[in-house]
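I opened this model to look up its fold, its disulfide and its core. My notes are below the view.

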Amino acid sequence: MSTARINVVIAIGALTVLFGCATPAAESDDSRASAISGSPGPGDVLTVQEAIDLSAGQVRVRGYVLITRDEVTHLCTGLAGSYPPQCGTPALVVQGLAVDLIPNRESAEGVVWGGEITVQGSLSAGVLSVT
């Protein structure tokens, strides 16, 4: 195989890897901007930080659920790699979320946690009340 042909094959392979690793935008910049500005649209899903910045209103927020030993439910930015995991900050307190709605639910040492979930509810003073 010639050097030029080898270079073409390498270039195609590199482009394939780069495009294969690219992540599509989950939301348009317009919907993200409206959510951050305090006027989320009806279909907008906020991050935990965006919900905290908004501070009040009807929202849909995506995060990881963790219920502590003292039975306080949190919607976390992420889960720490400890076992059992701890809630990554920032986080919201959640009221009214049924445990059986937590996807991929696990528990250890009195802590319950699960996969990423979108929670809809009324946000006030850092507390998300599920509707």
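**Entry 1: ground rules.** I am working from a predicted model, in which local features need pLDDT of at least 70, side-chain atom pairs count only at pLDDT 80 or more, and totals for chains, interfaces and linings use all residues. I count residues from 1 along each chain as its sequence is written, and side-chain values use heavy atoms, with hydrogens and water left out.

**Entry 2: confidence.** I checked pLDDT, the predictor's confidence in each residue on a scale from 0 to 100. The protein averages 77, and 67% of the residues score at least 70. Residues 13–39 stay under 50. For that stretch I find 15 contacts beyond four places in sequence; a contact means heavy atoms within 4.5 Å. Where pLDDT is low, predicted coordinates should not be read in detail.

**Entry 3: layout.** I listed helices (H or I, at least four residues) and strands (E, at least two), which are DSSP runs numbered from the N terminus. The protein has three helices and six strands. Along the sequence the pattern reads α-α-α-β-β-β-β-β-β.

**Entry 4: strand E2.** I looked at how E2 pairs, where pairing takes at least two DSSP bridges between two strands. E1 and E2 run antiparallel and are joined by four bridges. They form a hairpin with five residues between them. Glu71, in that turn, has a positive phi of about 65°. Val65 has Leu75 as its bridge partner in E2. E2 also pairs with E3, antiparallel, over four bridges. There, His74 stands opposite Val93.

I then asked which way the E2 side chains point. Thr73 and Leu75 point one way, His74 and Cys76 the other. All four are buried, meaning under 20% relative accessible area; exposed is over 50%, partly exposed in between (1.4 Å probe, protein chains only). In a regular strand the side chains alternate between the two faces of the sheet.

**Entry 5: the disulfide.** I searched for cysteine sulfur pairs within 2.5 Å, the cut-off for a disulfide. The structure holds one. Cys76 and Cys87 form the bond, with sulfur atoms 1.8 Å apart. Cys76 lies in strand E2 and Cys87 in the loop between E2 and E3, 11 residues apart. The link is left-handed, at -120° about the S-S bond. Are its two ends buried or partly exposed? Cys76 is buried, because its relative accessible area is 0%. Cys87 has 23% relative accessibility, so Cys87 counts as partly exposed.

Entry 6: Gly88 sits in the loop between E2 (73–76) and E3 (91–95). Leaving out residues up to four places away, Gly88 touches Cys76, Thr77, Gly78 and Leu79. Gly88 and Leu66 are 22 residues apart in sequence and 9.7 Å apart, C-alpha to C-alpha.

**Entry 7: the cores.** I looked for nonpolar cores: buried Ala, Val, Leu, Ile, Met, Phe, Trp, Tyr and Cys residues joined through side-chain atoms within 4.5 Å. The largest has 18 residues. Val59, Val61, Val65, Leu75, Leu92 and Leu128 touch the most other members. H3 (48–54), E1 (56–67), E3 and E5 (111–124) each supply at least two residues. A second, separate core has five residues, including Cys76, Ala108, Val111 and Trp113.

Beyond four places in sequence, the contacts of Val65 include Thr73, Leu97, Ile102, Val112 and Ile117.
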